[in-house]
Amino acid sequence: MSRSTRSAQVAAIDLGATSGRVMLADVSQGRLELEQVARFANDPVHVWNGRRSALHWDVPGLFREASAGLAEAARQSDDLVGIGVDSWAVDYALLRDGRMLGLPHHYRDDRTAAGVDAVHAELGPVDLYLRNGLQFLPFTTVYQLAAEKADGLLDQADSALLIPDLITYWLTGRRGTERTNASTTGLLAVNGQWDTAMMERLGLPVGLFPEIVETGSDQGPLLPDVAERLGLSSSTRVTAVASHDTASAVAAIPMDPSRAAYISCGTWGLVGVELTEPVLSRDGWKANFTNEVGADGRIRYLHNVMGLWLLSETVRQYQREGYRADLGELLAQAAEVTPTVDVFDTDDARFLPPGDMPARIRGWYDERGMRPPMTRAEMVRAIVESLASAFADGVEKAAALSGIPVETVHLVGGGSQNRLLCQLTADRLGLPVQAGPVEATALGNVLLTARAHELIDGDLEAMRTIVADRFPPQHYAPRRSRGTRARAAVGAGKA
């Protein structure tokens, strides 16, 4: 594992779109133990802004809970040397003189439509893709900033910090923009530098985001008052891990990137392959594939699928209706549904906001004259079948566009616990699915911190070997051989 004989602990603050956690890892030569010391909900808040009710993140509340988790980690540790922070992408806080001006907007807030129109009036989607390599998502940071500009809010700010960089700033007093998350903003050119010419053309402040910080770099010790309040040593340091949670997750996937695809499945499903260079083809743009930066300069070539958000919002609606929804029971009932239901388009924009998800799904079927799911079990089966179909389609397109001959698919994150989803994905692809680890993001986070502290050494492949040894995946064999649909794309040449 490492030539070092030192034993120490590192902590991960892992903020997901629906929940956060603090994980404590004990790392030494030949040892990796991971324990959850705190878990908390990440519930957005609606705040009236004088014109409408806007959706925001309660970032101070998240920092409070994360701090409590670090304090618990301190109580359980004898040598906590490092902390890493990761979160979801694209969202940010505006600051002036180091003070946050207001709660960060939630990417599911509907304000960004005007921002999309404003950006595309200056730079069309193809032009943007050639500059930043990103798929179109209406909530990408560049569109959010255009909406801020239209509202006059950028005039009040002198800087902006992405969510994990904001948490790091509150811990250390140091400001920077970690590279993997910077690559999701739409403001980073494919050459790895801020696209200042584009910012000027769009009327966005150049220098709003701080300088790029490389993954694995030291962000300094905790502020003295923070260390004292949390019961940590003033020598405990914060490492810039792959702060986009998917980037940390991919870093921990025990895969051979030359012949495997991955699905990082949580609130979103990120489906793709790992490359050494971006793919900027017109076919990639049409397929809405993105080139985001991963750990050690790798490229995460992937497509966003709506993910488990569809299930969680469905369960919440059933609970609002008075049904004591248990997802495990619903999935068991869904597995018995025959014949299987027709799939729907999980990428339809109607499914993005919170609300009555079952009604929206039924509406999708009704508009096409198709029979909608009639029971709760049928609805859950339709969601899982549709996600498996979208995952399979994403894997096949990733292989065709990148030229990677995919032989195995690795499914990590919360979705790896959904046995029906894993099996249906294997069946639709006609390829084996390796499920797990569940906590891939936290594992990538702590391993990158541990490597920065020389508790382990080696490249991503060495780190992935550690994960495979300690957290062996569950194997799902396809219940049919690879079909015509899969053969036509998996392993095809680059478009």
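A: Here is the predicted model. Cysteine 265 has a relative accessible area of 2%, so this residue is buried.

Q: And what about cysteine 422, buried or exposed?
A: Cysteine 422 counts as buried, because its relative accessibility is 0%.

Q: How many disulfides turn up in the whole structure?
A: The search finds 0 disulfides. For cysteine 265, the nearest cysteine sulfur belongs to cysteine 422 and lies 8.1 Å away. Cysteine 422 is likewise in no disulfide, and its nearest cysteine sulfur is that of cysteine 265.

Q: Changing topic: what is the strand order in the open sheet of 6 strands?
A: The order is 3-2-1-6-13-12, and the pairing is mixed.

Q: Which strands stand at the edges?
A: Strand 3 (31–41) and strand 12 (218–221) do. Each has a single partner strand, so one side of each lacks a neighbour in the sheet. On average, neighbouring strands in this sheet are turned by 20° against each other, direction ignored.

Q: How many bridges join strand 12 to strand 13?
A: There are 2 bridges between strand 12 and strand 13 (residues 237–239), and the two strands run antiparallel. Proline 221 has arginine 237 in strand 13 as its bridge partner.

Q: Which strands does helix 1 touch?
A: Helix 1 (residues 59–76) packs on the sheet and touches strand 1 (8–15), strand 2 (19–28), strand 3 and strand 6 (80–87). The direction of helix 1 makes about 145° with that of strand 3.

Terms used:
Residues are numbered from 1 along each chain as its sequence is written. This is a predicted model: local features need pLDDT of at least 70, side-chain atom pairs count only at pLDDT 80 or more; totals for chains, interfaces and linings use all residues. Side-chain values use heavy atoms; hydrogens and water are left out. Two strands pair if DSSP finds at least two bridges between them. Helices (H or I, at least four residues) and strands (E, at least two) are DSSP runs, numbered from the N terminus. Axes are lines fitted to C-alpha atoms, for helices over the stretch in contact, and angles run from 0 to 180 degrees between N-to-C directions. Contact means heavy atoms within 4.5 Å. A disulfide is a pair of cysteine sulfur atoms within 2.5 Å. Buried means under 20% relative accessible area, exposed over 50%, partly exposed in between (1.4 Å probe, protein chains only).
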